[in-house]
Amino acid sequence: MKVSVVGSGYVGSVTAACLAELGHQVICIDIDEERINKINSGKSPIWEKGLDELIQKHAGNNLKATSDYESAVLDSDISFICVGTPSDDYGNINLSIVKAASKSLGHAIGNKDGYHVVVVKSTVVPETTENFVTPILEESSGKQAGRDFGVSMNPEFLREGKAVYDFMNPDRIVIGALDKHSGDFVSQLYDKVECQNEIVRTNSRTAEMIKYTNNSFLATKISFSNEIGNICKKLGIDTYEVMKVVGMDFRISPYFLNSGAGFGGSCFPKDVRALTGKSKQIGYEPILLDAVIRVNENQPHIMVNLLEEKIGNLENKTIAVLGLAFKNGTDDIRESRSIPAIADLIYKGAEIKAYDPQANGNMKKIFNNITYCDRAEDALHNADACLVMTDWDEFKELDSEFGMMRNKIVIDGRRVVPVRNLEQEIDYVGICW
Ligand SMILES: NC(=O)c1ccc[n+]([C@@H]2O[C@H](COP(=O)([O-])OP(=O)(O)OC[C@H]3O[C@@H](n4cnc5c(N)ncnc54)[C@H](O)[C@@H]3O)[C@@H](O)[C@H]2O)c1
């Protein structure tokens, strides 16, 4: 099939590259010329395992990029909206980019003969596709949804760091369609994908709610585990020992029970806040979801407090921060727990030496007044203490490097420091254990 994908960020570029790999003709549409040029020259606009290879393989063949909505819509049968849905100043969803993309698609559809389907893949709060996207498409195209063009909502569940694998091997595909014809159209695109379950067909607001419920539940599991971890720490209990056994209960499962510095990324914090905002807007006070966010916001400050308990005033102390990305396997720092931790350290007068295998460049855009190191050992050299914020595998191998921290404090927010050999040499503190 011929597909256009609006937005070439994490979701858009993975969607485009994977659809090309499945044999479809794909055109990426973006307003960022740098991203367009990267894709056209066979490079990934973001760092994601396996993506560079796919884009290199298909660019110039069945994958190209443009800023021109008109030509892309004319040259495709179906358009995915994969633009960002950030939080506004109050934490509610900001739909301005989705609305702008819908308007541009609508104009292009107005100038096209023949049927076209628009699929919302961005994470949007329930009722967005029917109350905003569809009316905007109708108004800007002068055509009628359901008759002249189709509309669907197809949420994306990929995990950054494993995004290509997840797209190709989904545990579920959800298609919330305005009408059966639009849904069938979207379903065909996934014909060659081995989905572990049947494709779920529903309406758009249910599809939207499935995505929010999914992310909110996982975020709840993490904040719950962090709260239990905080209690365990005060009682001298190893929360990992507790959660290992709790996770043996098949009703609970062992996943997302690791206590630590909290969740970040472009999805969980923003999506829980957006659902909270939507909920309040319709007159329901979401007590549990509010608490999920509060627990999460507290975790990085708990790490800094533990540090102060150990070394006192942080003024002019040099603190190594290992890990800036919100999790391993990505250069994405959005809502990373390292951001509030670093801000807190700077506020308290500490000097920061930071290291991340992928995310130094992105973090420089937020903090340009700290030192960035090319290797973990450079960050640890002469540091008074260290905070570990991301669960990169390479941090598990840093035996000799942590040896430089003899008699110094290491606060581990992810349970990755190889304490087995180092217990006697460093003052190791787990955030929740
Ligand atoms: N990142 C994830 O892991 C993930 C997973 C599932 C769902 N989502 C959801 O998918 C959506 C996209 O997320 P992302 O992380 O890929 O976003 P992103 O910010 O990385 O990328 C968005 C892209 O859209 C482009 N863009 C902005 N305005 C545009 C316009 N008017 N026309 C064309 N392009 C435009 C930007 O230049 C950028 O390249 C969000 O709603 C997000 O919540 C993200």
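In this predicted model, 16 residues of domain 1 are in contact with 15 residues of domain 2. Domain 1 spans 2-203 and domain 2 spans 268-430, and their C-alpha centres lie 34 Å apart. On the side of domain 1 that touches domain 2, the residues divide into 7 nonpolar, 5 polar and 4 charged.

**Nonpolar cores**

- The largest nonpolar core has 76 residues. Those with the most contacts inside this core are Val5, Val6, Val14, Ala17, Val26, Ile81 and Leu105.
- Helix 1, residues 10-21, gives the most to this core, contributing 8 residues.
- Because domain 1 (2-203) and domain 2 (268-430) both give residues to this core, it lies between them.
- Leaving aside residues up to four places away in sequence, Val6 touches Gly12, Ile29, Ser79, Phe80, Ile81, Cys82, Val83, Ala101 and Leu105.
- In soluble globular proteins, nonpolar side chains tend to be buried together.

**Ligand surroundings**

- There are 26 residues around the ligand, of which Gly7, Gly9, Gly84, Ser122 and Thr123 come nearest.
- By residue class, this shell divides into 12 nonpolar, 9 polar and 5 charged.
- At least two residues of the shell come from helix 1, and at least two from helix 5 (96-110).

**Helix 6 and helix 9**

- Helix 6 covers residues 128-141 and helix 9 covers residues 204-235. Their axes come within 8 Å and cross at roughly 115°.
- On the helix 6 side, the contact is made by Thr128, Thr129 and Glu130. On the helix 9 side, Ser204, Arg205 and Glu208 take part.
- The residues of this contact comprise no nonpolar, 3 polar and 3 charged.

**Helix 13**

- Within helix 13 (residues 338-347), the residues Ser338, Pro340, Ala341, Ile342 and Leu345 are buried.
- The elements that cover these buried residues include helix 12 (287-311), together with strand 9 (318-322), strand 10 (351-355) and strand 12 (385-388).
- Gly349 follows helix 13 and has a positive phi, near 90°.

Notes
Residues numbered from 1 in each chain as written. Predicted model: local features only at pLDDT ≥ 70, side-chain atom pairs only at ≥ 80, totals over all residues. Core = buried A, V, L, I, M, F, W, Y, C linked by C-beta atoms within 7 Å. Buried ≥ 20, exposed ≤ 12 C-beta atoms within 10 Å, placed from the backbone. Helix = DSSP H or I, 4+ residues; strand = E, 2+ residues; numbered from the N terminus. Domains from an automatic or database assignment. Contact = placed C-beta atoms within 7 Å. Near = placed C-beta within 6 Å. Nonpolar A, V, L, I, M, F, W, Y, C, P; charged D, E, K, R; others polar. Axes fitted to C-alpha atoms, helices over the stretch in contact; angles between N-to-C directions.
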